Amino acid sequence: MESKSVVLCGVGGQGIILASEIISEALFRHGYDVKKNEIHGMSQRGGAVVSFIRFGDKVFSPVVKLGEADIVISFEQLEMLRNVHFLKKDGHAVTTDIKIDPVPVILGSAEYPDDIPGKVKNFTKNLCVLDVEQAVRAVGNLKAINVLVIGYLSHLLPEVKEKIWKDAITEMVKPEFHEMNLKAFELGKQLACEFNPQ
Amino acid sequence: MKELMLGNEAIARGAYEANAWVATGYPGTPSSEIIETIGEKYPEISSEWSVNEKVALEIAIGSSIAGIRSLCTMKHVGLNVAADPLMTVAYTGVEGGLVIVVADDPGMHSSQNEQDTRNYAKFAKIPALEPSDSGDAKEFTALAFDISEKFDTPVIIRTLTRVAHTKTAVEIKKVSRKLPPMAEGKNAKKYVMIPANARPRHTIVLERYLKLREYSETFAHHQAEYRGTDIGIVTHGFVYNYVREALPDASVFKVAMYPLPIKKIKEFAKKVKKLYVIEELDPLIEEELRAEGLQFTGKEIIPSEGELSIDIIRKAFGITDREVKPHAGLPPRPPQLCKGCGHIQVFEVLRDLKCTVLGDIGCYTLGMLPPYNAMHTTVCMGASVGNEIGFKKASQLHQSIANSVAVIGDSTFFHSGMTGLLNAVYNRTPITLIILDNRITAMTGHQPSPNTGFDNAFRPNERVDMEQVVKGLGIRRVRRIKIGPRTVDEFKNAVLEETAVNEPSVIIADEICVISEPKMRKLAEQIKQEHK
């Protein structure tokens with residue numbers, strides 16, 4: 001099998017690193033060779049965060065090549081647009097509908113781009129925008145958004161058994177959040193099923 | 001059993017499996033997780049955050065002389081600080097194995113330069129090993145200790161951001177560890193580097209380097225892979241991963257150790273029609289192979305700056321892929337001082353007072369960004385103090401005192417700002433130093449510093465009093481201000497007063513790091529409970 005690539009992105013503090021930890025652990029337990037890489041250091045200071053996961057029979061580079069990612073998942077809309085060029089032709093783009101103004105926008109020296117979904121669709125026809133408010137109403141907490149996207153991802157990688165995903169989640173998140181996170185996982189999966197009927 | 005591990009976690013594991021008993025270092029991205037992992041997972045190893053890399057290496061040398069395998073870790077620029085002991089421990093050699101892990105940062109993801117540590121190994125005439133993933137990182141760490149003892153030399157492990165911070169599979173071994181007997185440490189001929197002793201040691205260093213060259217020819221981790229005979233690539237360490245994906249049909253020689261295995265590379269070169277050298281940063285391999293008379297293409301097509309990538313390599317070889325361009329014109333999202341950081345006020349005041357700010361290295365370097373624009377220099381750890389002395393001296397030549405201040409964090413001050421301050425006292429330069437005291441090494445991931453009250457494994461210890469240190473260095477004018485929205489005026493007046501006086505002065509802008517505060521409070525409460 002040729003290597004596959006997933007890119008996770010968003011803003012420091014959104015739980016991107018934990019999500020990529022859980023995903024790479026699940027893929028590893030499934031039996032894939034996995035390499036996971038991200039640039040540390042800025043994650044707690046509101047900077048842009050990008051995490052790469054590459055997996056397959058044998059992976060060399062942990063860094064995703066432009067235009068090769070099978071899936072790009074963003075926790076924030078502008079960051080989706082910033083990283084959409086990692087995606088291969090008609091790969092899966094998944095983003096939350098969250099918008100976080102970066103400093104230049106706050107200071108008025110730049111504008112937050114409008115119609116991001118429209119712009120992302122110039123790169124791929126497979127764009128799913130996750131309605132976060134609705135998701136929070138269903139699972140109870142914005143913090144579970146990272147596991148919601150794992151649920152979504154699990155639908156796109158059906159070869160990995162559901163038990164592996166759920167075990168990785170329960171082992172890697174704090175026990176007091178298990179119930180909420182498993183709910184979020186189910187919801188993410190359901191949203192993916194609805195968006196990608198097979 | 002296999003586990004996914006960061007390169008840094010793998011190095012920690014490698015040191016554990018290789019029976020290392022002392023580990024020292026100073027935090028620095030991308031090297032910090034090595035000492036963190038050892039502190040957390042391998043408590044039987046005596047590990048610590050030293051105050052700087054020079055001290056860290058000197059400690060590791062001391063324990064090596066006592067017969068103990070010792071690990072010392074730092075980022076690439078840290079080795080500049082530790083270069084003094086490095087260049088001479090290269091002469092003395094070791095008792096217990098001495099391994100120095102140095103993490104480079106091609107592309108400068110979080111560094112002020114992208115120096116290539118392989119130069120230091122060559123400079124000091126000591127071996128360097130270059131892992132390409134976490135599996136190598138663990139294995140090479142163990143091998144480095146063996147090489148160190150076999151050849152009586154310190155060994156550098158040169159890692160980099162994409163190895164240190166990538167998780168890949170690592171085979172875990174069960175090992176039994178045994179503390180070696182204490183050596184007496186009395187071998188003056190070998191360890192007292194007066195000229196009479198150092199001269200014969202230099203001869204030994206040169207002879208040792210020749211032996212290491214021979215050993216490198218037998219080093220099992222250099223890898224010659226033959227596929228097509230049209231193109232042969234000589235590459236090294238992590239870059240091998242890019243080469244394999246960019247040019248899957250090429251034959252590849254992967255260098256894993258320096259000095260280079262010249263004979264092996266020549267053999268490889270003979271078997272391919274056209275030879276290339278693909279090297280990230282400096283052309284070390286290239287220069288040596290050119291001196292050997294090999295014909296090949298290298299830096300003519302491969303950049304000497306920044307990280308390489310699959311795309312860069314493919315383009316260099318004229319391979320065109322579907323062109324992908326990022327969406328243009330997007331507002332950047334730079335990191336910023338954390339919401340609630342007390343030290344934001346400092347930069348607002350310095351901006352409003354139009355000060356020239358001689359800055360330093362830490363999260364507060366973000367004070368250079370809008371909306372503060374209140375940092376104007378950042379050279380290296382501790383440089384703010386000396387820079388401010390020089391700036392003030394220049395203004396004195398113009399019969400004035402510059403409206404300037406130096407700004408430094410607490411951990412950076414302990415690292416190498418103290419000597420600069422002593423210099424200001426000694427030479428009576430009227431500097432103003434603002435110490436942003438948040439009681440942690442924040443930028444690199446909140447490692448404790450001497451004034452945190454905890455050691456590297458978060459065991460409680462004595463908290464060093466910043467004010468006493470400053471006074472002890474001879475500063476008479478020192479004031480501590482609890483910094484925050486309510487003390488803006490007090491702080492502003494302090495800066496105005498201190499920049500006007502004709503003697504060196506220090507303002508300690510005191511506020512615990514907003515991110516680490518909850519953890520510190522929890523730890524303090526735990527300790528209180530335990531004492532009850």
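How many salt bridges does the rule find across the interface of chain B and chain A? In this predicted model, the answer is six, a salt bridge being a side-chain nitrogen of Lys or Arg within 4 Å of a carboxyl oxygen of Asp or Glu. One salt bridge links the side chains of A:Glu76 and B:Arg333, with N to O at 3.2 Å.

For orientation, residues are numbered from 1 along each chain as its sequence is written, and chains are lettered from A in the order in which they are written. Local features need pLDDT of at least 70, side-chain atom pairs count only at pLDDT 80 or more, totals for chains, interfaces and linings use all residues, and side-chain values use heavy atoms, without hydrogens and water.

Turning to the interface as a whole, 44 residues of chain B are in contact (heavy atoms within 4.5 Å) with 50 residues of chain A. Together the two chains bury about 4,100 Å², 62% of it on carbon and sulfur atoms; buried area is the accessible area (1.4 Å probe) that two parts lose on being put together, summed over both. B:Leu4, B:Pro331 and B:Arg333 supply 19% of the area that chain B buries against chain A, more than any other three residues.

The side chain of A:Arg82 reaches the backbone oxygen of B:Pro331 at 3.0 Å. Not counting residues up to four places away in sequence, A:Arg82 touches A:Ala48, B:Leu330, B:Pro331, B:Pro332 and B:Arg333.

Note on methods: Polar contact = N/O pair within 3.5 Å; in protein donor to acceptor, adjacent residues only side chain to side chain.
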